[in-house]
Structures are given as structure tokens and as C-alpha cells.
Amino acid sequence: MKQLLIATHNQGKVAEFREMLPDFEIKSAADFDLPEPEETQDTFAGNAILKARAAMEATGLPCLADDSGLTIDALDGAPGIYSARWAQTPNGRDFMVAMNAVNEKLDGVKGDETAHFIAVLALLKPDGTQQIFEGRASGHLSWPPRGEKGFGYDPIFIPEGHDITFAEMEPSEKHAMSHRAKAVAKFVEYLKTNG
């Protein structure tokens, strides 16, 4: 089985990648005790490349890094690349804090809760290969948070054509439509033609 390093410490993301890429032995940045590089870029793609490069250079393994987040139309795309940082507290990340911040910021613009989850995957290999794969899931926000099955902002995001949040869906149902699943599908298609 081919080994693939996912440059993340987020165990929710690692679990999703393991489910979506069963033909790979998935390792995470946490398995190698790698530091989390500071995300200094101003795009999802830039941050994904930065994370993939740091992990690949530290381990010598092919690396797939994900940078993803929630973009809200009424907030001009925020939190966007800062989605995880909105959850940062002195004791670590707490997405209830982030979801409360979203709700407070939307208070003055009720009626336009359209939002999109965006995931950008960067594949970097020691031979110099670099590829980008993007996926998007559109929908709207709902308050209060509902569901226990997801992570991050999943409890407030209802995808188009549904009336339940990502966090209320079974993982297999979410993986059929999520932003990350769409990006992973492009990655798998790339592998079929490029090995």
C-alpha cells in the first residue's frame, strides 16, 4: 500500500482522508511530530502549498496538504483562509467560539446566509511534482448549531438541496458532496492518469 502524508494535525481531516482514500496508508503530520508551519499566504492554494512543502521537506514523503475554510457571502468571503484562526482560544481551537463569532457578525445582515466550503489540496512530491485540486460545496448557514457527526463549522452549514447540516449527516453522505470530497475526487482522477 502506498504511503501518503497528509500535512495536518486535525484528526477530523485525517479521518476523512482515510475514509476517502482507502488504497493509501495515510500518515499525518502529528504521526511525525512535525510543527505546524505558520500560514502566511493569502490564498487557500498558497497555504496548502506551504504546508505540503514543509512536511515533504521534513520527511521526504509525497505529501498532500489541505487548506480549507468557510466563506460567507454577506461577510465578503470571511472567515475564508482565517476559518481555523477564528476558533483559536488561549486553550486551543474551539469551533463553538468560531460559530458564535459568525452568528454575531451576521446579526446585522440576516437574510443572506449563503456560504461555501472551499478545500484546496496541494500535492508535492520529492521529484518536484506540484499539483493543485480544488473542491467547493455551496449552501447556507443555520443557527443554532445542529449535529454531532462533523467537525469545524459543519454544525451550522446546510448544503444546497438538503435540510440538515453536515454535522447531522452520516459521513458517507457528507463525503458524497463535501468540498474536500470533490477535491479528493480530482486528486484520485489525477492519479489514474499520472500514477
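Strands, in the description that follows, are DSSP runs of E of at least two residues, numbered from the N terminus. The model is a predicted one, and by this numbering Pro-79 is found in the loop between β3 and β4 (88–89). The peptide bond that leads from Ala-78 to Pro-79 is cis, with an omega near -5 degrees. A cis peptide bond also joins Trp-143 and Pro-144, where omega is about 0 degrees, and Pro-144 has its place in the loop between β7 and β8.

The loops also hold residues with positive phi. In the loop between β3 and β4 lies Asp-76, whose phi is near 55 degrees, a positive value in a residue other than glycine; with a relative accessibility of 76%, Asp-76 counts as exposed. Asp-33, placed in the loop between β2 and α2, likewise has a positive phi near 55 degrees although it is not a glycine, and its relative accessible area of 69% makes Asp-33 exposed.

The strands of the sheet are considered next. An open sheet is formed by 6 strands in the order β2-β1-β3-β6-β7-β8, and the pairing within it is mixed. Its edge strands are β2 (24–28) and β8 (157–159), each of which pairs on one side only. On average, and with direction ignored, neighbouring strands of this sheet are turned by 35 degrees against each other. Helix α2 packs on the sheet, where it touches β1, β3, β6 and β7, and the direction of α2 makes about 155 degrees with that of β3.

Within this sheet, strand β6 is largely enclosed by the rest of the structure, because 10 of its 11 residues are buried. Strands β3 and β6 run antiparallel and are joined by 10 bridges, and in this pairing Thr-71 stands opposite His-116 of β6. Strands β6 and β7 also run antiparallel, with 11 bridges between them; Leu-121 has Phe-133 of β7 as its bridge partner, while Leu-123 stands opposite Gln-131 of β7. The hairpin of β6 and β7 has 5 residues between the strands, and in this hairpin Gly-128 takes a positive phi near 100 degrees.

The buried residues of α5 are His-179, Arg-180, Ala-181, Ala-183, Val-184, Phe-187 and Tyr-190. An α-helix has 3.6 residues a turn, so residues three or four places apart point the same way. Among the elements that cover the buried residues of α5 are the strands β1 (2–6), β3 (63–72), β6 (114–124) and β7 (130–141), together with the helices α1 (11–20) and α4 (171–175).

Charged side chains take part in several of the contacts between elements, and a search of the whole structure finds 13 salt bridges. In one of these, Glu-16 is paired with Lys-174, with the closest N and O atoms 2.7 Å apart; the pair links distant parts of the chain, since Glu-16 belongs to helix α1 and Lys-174 to helix α4, 158 residues apart. Glu-16 is buried, with a relative accessible area of 6%, and Lys-174 also counts as buried, at 4% relative accessibility. The side chain of Glu-16 meets that of Arg-180 in a further salt bridge, at 2.8 Å from N to O. Because Arg-180 lies in helix α5 and Glu-16 in helix α1, this pair ties together parts that are 164 residues apart in sequence. Arg-180 and Glu-16 are both buried. These residues belong to a network of salt bridges that links Lys-13, Glu-16, Asp-66, Asp-154, Lys-174 and Arg-180.

A further salt bridge joins Lys-51 to Asp-67, the closest N and O atoms being 3.0 Å apart. This pair links Lys-51 in helix α2 with Asp-67 in strand β3, 16 residues apart. Lys-51 counts as buried because its relative accessibility of 10% falls under the limit of 20%, and Asp-67 is buried too.

Notes
Residues are numbered from 1 along each chain as its sequence is written. This is a predicted model: local features need pLDDT of at least 70, side-chain atom pairs count only at pLDDT 80 or more; totals for chains, interfaces and linings use all residues. Side-chain values use heavy atoms; hydrogens and water are left out. Buried means under 20% relative accessible area, exposed over 50%, partly exposed in between (1.4 Å probe, protein chains only). Helices (H or I, at least four residues) and strands (E, at least two) are DSSP runs, numbered from the N terminus. Contact means heavy atoms within 4.5 Å. Two strands pair if DSSP finds at least two bridges between them. A salt bridge is a side-chain nitrogen of Lys or Arg within 4 Å of a carboxyl oxygen of Asp or Glu. Axes are lines fitted to C-alpha atoms, for helices over the stretch in contact, and angles run from 0 to 180 degrees between N-to-C directions.
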